[in-house]
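Student: I have a chain open on my screen and a few quick questions. Can we go through it piece by piece?

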Amino acid sequence: MALDLIIRHATLPDGRKDIDIGVKDGRFVVIEKALAASAAQEIDATDHLVTPPFVDAHFHLDATLALGFEGRFNESGTLAEGIAIWADMRGRISPENFHRRAMSYCDLAVSQGLLAIRSHVDVTDPDLTAVEVLIDVKKKVAPYLDLQLVAFPQMGYFSSALMPEQITRALDMGVEVVGGIPHLEPTAELGHESVRRLTRLAADRGLMIDLHCDENDDPASRNVETLAYETKRLGLQGRSAGSHLTSMHSMDNFYANRLIQMMAASGLQAISNPLANMFLQGRFDTYPKRRGLMRIPELMAAGCTVATAHDSMLDPWYPLGKADMLDVAFMTVHAAHLSSHQGMRDCLRLITELPATILGLEDYGLEVGNHADLVLLQASDVFEAIRLRPARLAVVRRGKVISSTSRVTSALKLDGRPSSIDTFAIRASG
Ligand SMILES: [Zn+2]
């Protein structure tokens, strides 16, 4: 059998070792040990981990790489200052500037093995400039990256009389997910009302919905309850997501448990942003300082589809990041105490198969028949991948290597004896 590509002797996320992966016409055609076939291109993956591509279920491509625009930085580190800076600068950003930053981020993402992104895009601007630009970017990157856009009213559904129309115009232009931000509405009741109107809009149009929801430290912020209720009532199960949900961190356990059961029963998906929310939340606390995370292990145990996402990079909300979803997994291990053997495996699922389900990606994953998309890492297994966040030796999309990074080694000169060390290969020897 002549194949297009074979990855030899790979380790898979489930722990299987020495597996050969055969690719033909952009699809996985065989995944087995000692594959008796040849291919035009063969890659040796001995002792190295192969994963499906990383998927980011929550990002902001319109704001990324705009850190320090006109010399302004978020000095307080709060969500509120981030929004204020964005609201002030947004109108002075040119279409070319939006385009350049979004394309740069997509290039970086691909180099990190991140091949699918759901990006919210602010629809506050009456001209919808960012929407227009990102729809163009989506088309340009389509051969190598799946970009899904969310119509996001950053200042709130009720922030202006025009906002409902802005959202529907963006959807008419081709944006495929309904967005919102109920905790930012002027009153709690208007927050709940925005959830009702936006879920109705999604149901009427047969679209997915993903709301920034309860992104604060207020245990009384309970818009997610209405979102779960409407998700079930309107039949939006499996295509409705609550992003952030950081108020869950501060709720009492009795109510949180009731809410988690309700979310699971309603088929509501949940997207956590550990990097940005560990940074933004708890800013009004003294000590102990609360950290801004939904209850990830408990939601997973209840049967909710959960993802962890990057949210921001070098923008008014988060001054760090490198489009590396393994950074997200590393933070999740610590912040959510997903530190058991299975917990760390789950941290990889939270940045691969689970967000792929939320985005509705078709034919995703390391199975015969699926798209031949994968990442080869300079790590021996899942645990080492999260510990080291190592080089992406190869990124494959539809059977073609679209990015590669050289193996990293350090050259030493000690006591006049030159040698080299593969720092990624130093492991516990027991
Ligand atoms: Zn966001």
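Student: Where does Pro390 sit?

Tutor: This is a predicted model, so keep that in mind. Pro390 lies in the loop between helix 13 (382–388) and strand 15 (392–397).

Student: Is Pro390 buried or exposed?

Tutor: Buried. The cut-off is 20 or more other C-beta atoms within 10 Å. Pro390 has 22 such neighbours, so it counts as buried.

Student: Which residues is Pro390 in contact with, leaving aside its neighbours within four places in sequence?

Tutor: Leu377, Gln378, Ala379, Ala385 and Phe424.

Student: And how far is Pro390 from Thr423 in space?

Tutor: 10.0 Å, C-alpha to C-alpha. In sequence, 33 residues separate Pro390 and Thr423.

Student: Back to strand 15. Which strand does it pair with over four bridges?

Tutor: Strand 14 (residues 374–377), in the antiparallel sense. Within that pairing, Leu374 has Val396 of strand 15 as its bridge partner.

Student: What order do the strands take in that open sheet?

Tutor: The order is 5-14-15-16, four strands with antiparallel pairing. Strand 5 (49–51) and strand 16 (400–404) are the edge strands, each pairing on one side only. On average, neighbouring strands there are turned by 20° against each other, direction ignored.

Student: New topic. Which residues of helix 6 are buried?

Tutor: Helix 6 covers residues 223–233, and its buried ones are Asn223, Val224, Leu227, Ala228, Glu230 and Thr231.

Student: Why would residues three or four places apart point the same way?

Tutor: An α-helix has 3.6 residues a turn, so residues at that spacing point the same way.

Student: What covers the buried residues of helix 6?

Tutor: The cover includes helix 5 (188–205), strand 10 (208–213), strand 11 (240–244) and helix 7 (253–266).

Student: What about the backbone just after helix 6?

Tutor: Gly235 is there, with a positive phi of about 70°.

Student: How do strand 10 and strand 11 pair?

Tutor: In the parallel sense, over five bridges. Ile209 stands opposite Ser240 in strand 11. With helix 6, these two strands make a right-handed β-α-β unit.

Student: How many residues of strand 11 are buried?

Tutor: Five of its five, so to speak: strand 11 is mostly covered.

Student: And which strand do three bridges join to strand 11?

Tutor: Strand 12 (residues 269–272), running parallel. Ser243 has Ile271 of strand 12 as its bridge partner. Strand 11, helix 7 and strand 12 make a right-handed β-α-β unit.

Terms used: Residues are numbered from 1 along each chain as its sequence is written. This is a predicted model: local features need pLDDT of at least 70, side-chain atom pairs count only at pLDDT 80 or more; totals for chains, interfaces and linings use all residues. A residue is buried if 20 or more other C-beta atoms lie within 10 Å of its own, exposed if 12 or fewer, and partly exposed in between; C-beta atoms are placed from the backbone. Two residues are in contact if their C-beta atoms, placed from the backbone, lie within 7 Å. Two strands pair if DSSP finds at least two bridges between them. Axes are lines fitted to C-alpha atoms, for helices over the stretch in contact, and angles run from 0 to 180 degrees between N-to-C directions. A crossover is right-handed if, with the strands pointing away from the viewer, the path from the first strand over the helix to the second runs clockwise.
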